[in-house]
Amino acid sequence: MLLRGAQIVIECLLEQGVRDVFGYPGGAVLGIYEALHEYAGQIRHTLMTHEQHAAHAADGYARASGKVGVCLATSGPGATNLLTGLSAAYMDSSPVVAITGNVAKAQIGTDSFQEIDIYGVSMPVTKHNFIVGDIRELADTIRQAFFIAASGRPGPVLVDIPQDIAAAKAEFSPKAPKAPARPLLADALDFAGAAFLIEESQRPLLLLGGGAAHSGAEAAATALAQKLGAPIIQTLMATGCCDGCPQFAGLAGVYGTPGANALLEQCDLLIAVGTRFSDRTIPRPKALARKAKVLHIDIDPAEINKNLNADLALMGDAREILEHLLPLCPAKAPGLAVPPKARPGGQGGQRLTPEFLLKTLSALAGSEQIYTTEVGQHQIWAAKHLEISGHQRFITSGGLGAMGFGLGAAIGAARASGRRIVNISGDGSFLMNMAELSTAAYYNLPIIEVVLDNRSLGMVRQLQKNAHLHLSQADFDRGVDYPALAQALGIPGFAAKTRQEAEQALAQALASGGPALIACQIAKNQPA
């Protein structure tokens, strides 16, 4: 059938099973928005207040659903505004397809209005990118974008479509979506070597990263840890993976628990699953490498020996590798003891503390709860103090650490799942993206925004203090009445300064299902 390019875009999205798109219109994508109107009822568009948050929403959609998330923006500033969101998806291996409009082909290179070389600019922060130069290549380009985004180690792909390509006509024939390419599995010799390393070890330790969470490796990791008598520690991106497991010993790294980090120093074999050994997880890689052998399991060959040399690597999907490895390993007596209390203690008297708030939230939230976070001290508190189990999920920006991530991701996760989302925020992050609260209100999304208000940029403040610097521009007390702001947008707003007020506000907001906002006033000087 003969279709306009913009109609071909929508037909390809439907072909891929896309039912939700997050975006913001502009001149270069008017044709695509016209086609969205023509196909109303088949694809739901969520109008965001900023393109950055549209990319975060597509990312949150992908992480909550396991499908590819889609965002749409116009040329120039619309396209460049996507880049922070795409960078976050790239760093955290999240499958996103971004569609951008551009000026007509004849205008490219003339510095025309809102022209930008988004193909060139996005190259370092996408897994792959395309600019469509021929209407006859449009459909297969979009199909290829979805295939690449979801194959192997997932990541974002950008497709830039000039205005005249979206307006031109071409024959379109539907095609069945191509299944994502399966990663190569390690061979028998690799597995035999891994089993030998494990048999020889006296104090094995499992470190789970985002790749373990992406692949659903929780059960296999727990079974292996129990068979080996080995503790499990995790990176920020694996938060919630094995919280309920008796072997679980907490968060590792710069903001990790002392018990988890002590295990890193004591182990003689580190079985690292789906982690890239970031500087936040392994700040001193040479010190660790002298003490322990490293068995690195990862889907991406580029991660092997990048930040930490491995004695042996097993390439492939984390869950499949662990399931294959499990019967090859001998049962062992525990070599390392799980710390008796892996999580930090201290209730802070009667003051409202992050620990009290997050533990109370954990007790009240149901088994289907999805948590998202912004970036800062509250993110680390959430990783340490939320008790995540069962079908609950934890979605955060670990690699890029993008302030402003959480509320957009919450909108995407709410669209994907229909489940209630609690977004944990600090006042600094919330002030970056609070306009999206109007999006949650307009679409009546089940999102509860919890603002931990310490009237400062807490992580910056902590870093300055630790480095014995002056506190420069770290205090952020602007006197914002957050509950009144929420009410102005048409949603309930609660303020909590005491434990009792916090308990009541959480109970009311959770019962309502959201949207709602709870502003919790906490002290300034609490470290992550």
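Strand E5, which spans residues 96-102, is mostly covered, with 7 of its 7 residues buried; strands are DSSP runs of E of at least two residues, helices are runs of H or I of at least four, and both are numbered from the N terminus. Buried here means under 20% relative accessible area, exposed over 50%, and partly exposed in between, with a 1.4 Å probe and protein chains only. The model is predicted, so local features need pLDDT of at least 70 and side-chain atom pairs count only at pLDDT 80 or more, while totals for chains, interfaces and linings use all residues. Residues are numbered from 1 along each chain as its sequence is written, and side-chain values use heavy atoms, with hydrogens and water left out.

In a regular strand the side chains alternate between the two faces of the sheet. In E5, Val96, Ala98, Thr100 and Asn102 point one way, Val97, Ile99 and Gly101 point the other way, and all are buried. Two strands pair if DSSP finds at least two bridges between them. E5 pairs with E4 in the parallel sense over 5 bridges, and Val97 in E5 is the bridge partner of Val70. E5 also pairs in the parallel sense with strand E7 (residues 156-162), over 7 bridges; there Asn102 stands opposite Pro162.

A cavity is a set of points on a 1 Å grid over the protein atoms alone where a 1.4 Å probe fits but cannot get out; a pocket is an open set with protein on both sides within 12 Å along at least five of seven lines, and lining residues have an atom within 4 Å of a point. Grid points are joined across faces, edges and corners, and a volume is the space filled by probe spheres set on the points. There are 2 cavities of 30 Å³ or more. The second largest cavity holds about 40 Å³, and its lining includes Val70 and Ile99. Helix H1 (5-15), helix H2 (30-38) and strand E4 (69-73) each give two or more residues to this lining.

The second largest pocket contains about 330 Å³ of space. It is lined by 18 residues, of which Gln16, Phe146, Phe147, Pro177 and Lys178 are the closest to its centre. Helix H7 (residues 138-150) gives the most to this lining, with 6 residues.

Finally, the structure holds 0 disulfides, a disulfide being a pair of cysteine sulfur atoms within 2.5 Å. The sulfur of Cys242 is 5.3 Å from the closest cysteine sulfur, in Cys241, which is too far for a bond.
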